[in-house]
Amino acid sequence: MKDYKKYYTLAAAPEEVYLALITPSTIHLWSGEPAEMSEEVGAEFSLWDGSIVGKNLEFEPGKKIVQQWYFGEQEEPSIVTLKLHLHAQGTSVELRHTHIPDNDYDDIVDGWDNVYFASLEDFYS
């Protein structure tokens with residue numbers, strides 16, 4: 001199991017970024033794919049036509065999202081934490097993804113950089 005942490009900068013206010021991460025219609029706009037998402041703790045979600053699935057664990061409006069991502073049977077859950085910080089250029093997103101299965105690590109990192117956050121950066125540019 002591996003962990004990943006990185007900061008991304010988006011040209012929008014933290015409140016706007018937060019809504020873009022939890023609103024299905026907005027997720028569809030920036031990802032290009034239908035999304036199942038809610039701001040309900042314990043609710044399951046699906047992004048990128050089921051490529052990313054999991055459960056919502058915690059929300060702090062405009063500031064933080066915590067999710068469990070499913071990778072099949074694991075002793076410890078894979079947890080994604082997104083913290084949104086005000087930044088001179090808009091929002092600094094602090095990503096922490098823990099307990100990534102070793103054989104999925106490179107694909108997950110590539111997905112964060114070149115799909116998930118690349119799509120958000122394009123959306124806000």
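L19, A20, L21 and I22 in α1 meet P24, T26, I27 and W30 in α2, where contact means heavy atoms within 4.5 Å. The residues of this α1 contact with α2 divide into seven nonpolar, one polar and no charged; Ala, Val, Leu, Ile, Met, Phe, Trp, Tyr, Cys and Pro count as nonpolar, Asp, Glu, Lys and Arg as charged, and the others, Gly among them, as polar. The model is predicted: local features need pLDDT of at least 70, side-chain atom pairs count only at pLDDT 80 or more, and totals for chains, interfaces and linings use all residues. Residues are numbered from 1 along each chain as its sequence is written, and side-chain values use heavy atoms, with hydrogens and water left out.

**Helix pairs**

- Helix α1 and helix α2 (residues 24-31) pack at an angle of about 95 degrees, with their axes 6 Å apart. That makes α1 roughly perpendicular to α2; angles under 35 degrees count as roughly parallel, over 145 as roughly antiparallel, 65 to 115 as roughly perpendicular and the rest as oblique.
- Axes are lines fitted to C-alpha atoms, for helices over the stretch in contact, and angles run from 0 to 180 degrees between N-to-C directions. Helices (H or I, at least four residues) and strands (E, at least two) are DSSP runs, numbered from the N terminus.
- The axes of α1 (residues 14-22) and α3 (residues 105-124) come within 12 Å and cross at roughly 125 degrees. That makes α1 oblique to α3.
- On the α1 side, E16, V17, A20 and L21 make the contact, and on the α3 side Y116, L120 and Y124 do. By class, the contact of α1 with α3 has six nonpolar, no polar and one charged residues.
- For α2 and α3, the axes come within 8 Å and the crossing is at roughly 95 degrees. That makes α2 roughly perpendicular to α3.
- T26, L29 and W30 of α2 touch Y116, S119, L120 and F123 of α3. The contact of α2 with α3 divides into five nonpolar, two polar and no charged residues.

**Sheet**

- Six strands form an open sheet with antiparallel pairing, in the order β1-β6-β5-β4-β3-β2; two strands pair if DSSP finds at least two bridges between them.
- At the edges are β1 (2-10) and β2 (44-47), each pairing on one side only. The twist averages 25 degrees from one strand to the next.
- Strand β5 (residues 78-87) and strand β6 (residues 90-100) run antiparallel and are joined by nine bridges. A hairpin links β5 to β6 through two residues.
- V80 has H97 in β6 as its bridge partner, and L82 stands opposite L95 in β6.
- β4 and β5 pair in the antiparallel sense over six bridges, with K64 opposite K83 in β5.

**Helices on the sheet**

- α1 lies across β1, β3 (52-60), β4 (64-69), β5 and β6, and runs at about 150 degrees to β5.
- α3 packs on the sheet too, touching β1, β2, β3, β4, β5 and β6, and its direction makes about 15 degrees with that of β1.

**Annotated range**

- UniProt places "domain: Activator of Hsp90 ATPase homologue 1/2-like C-terminal" at residues 12-122, from an unreviewed entry. UniProt positions are given in the numbering used here, feature names are shortened, and annotations may be inferred rather than shown by experiment.
- Over residues 12-122 the chain is 32% helix and 36% strand, and the end C-alpha atoms are 12 Å apart.
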